Amino acid sequence: QVQLVESGGGLVQPGGSLRLSCAASGSSFSMYAMGWYRQAPGNQREYVALITVGGDTILADSVKGRFTISRDNVKNTVYLQMNSLKPEDTAVYYCQNLATGLWGQGTQVTVSS
């Protein structure tokens with residue numbers, strides 16, 4: 001069964017960094033564009049970043065200059081490097097296969113002093 005499993009979340013102080021990972025099971029990972037989204041309490045899920053099959057990336061304005069999305073097609077994994085974290089980045093972060101619509105279970109990121 002194809003799955004997406006996120007990891008790497010946690011508690012970090014403002015200004016700190018985290019790297020999220022999303023590991024995909026199954027084959028053909030390299031054929032799919034992948035995305036990261038987040039959902040804060042009381043808010044709708046919002047787009048954060050995407051990476052195409054060719055490795056082109058697009059980032060939401062709110063995270064440009066602070067977050068980076070990348071992928072490793074050998075490891076079937078997409079990453080979200082988050083730097084200069086702010087309290088407003090606190091949310092559950094989800095990855096998605098943009099071709100199939102499959103979601104992972106999410107990983108909590110909390111930015112607080």
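What share of the 113 residues of the chain count as buried? The figure is 39%, where buried means under 20% relative accessible area, exposed over 50% and partly exposed in between, with a 1.4 Å probe and protein chains only. Keep in mind that this is a predicted model: local features need pLDDT of at least 70, side-chain atom pairs count only at pLDDT 80 or more, and totals for chains, interfaces and linings use all residues. Residues are numbered from 1 along each chain as its sequence is written, and side-chain values use heavy atoms, with hydrogens and water left out.

View 1. Strands (E, at least two residues) and helices (H or I, at least four) are DSSP runs, numbered from the N terminus. The C-alpha atoms fill a box of roughly 40 × 25 × 25 Å along the principal axes. The radius of gyration is 13 Å, which agrees with the value near 13 Å for a compact globule of 113 residues; it is taken over C-alpha atoms, and the globule rule is 2.2 Å times the number of residues to the power 0.38.

**View 2. Here we look at contacts across the chain.** Take the contacts with a separation of 6 or more: 54% of them come from residues 24 or more positions apart. A contact here means heavy atoms within 4.5 Å.

**View 3. Cys22 and Cys95 form a disulfide.** The structure holds one disulfide, counted as a pair of cysteine sulfur atoms within 2.5 Å. The sulfur atoms of Cys22 and Cys95 sit 1.9 Å apart. Cys22 belongs to strand β3 (residues 18–24) and Cys95 to strand β9 (residues 91–97), so the pair ties together parts that are 73 residues apart in sequence. The torsion about their S-S bond is about 55°, so this disulfide is right-handed. Both Cys22 and Cys95 are buried.

**View 4. Phe29 sits in the loop between β3 and β4 (34–39).** Although it is in a loop, Phe29 is buried, with a relative accessible area of 4%. What does Phe29 contact, leaving aside its neighbours within four places in sequence? The list is Ala24, Met34, Arg71, Asp72, Asn73, Asn76, Thr77 and Val78. Zoom in on one of them, Asn76: Phe29 and Asn76 are 47 residues apart along the chain, with their C-alpha atoms separated by 5.8 Å.
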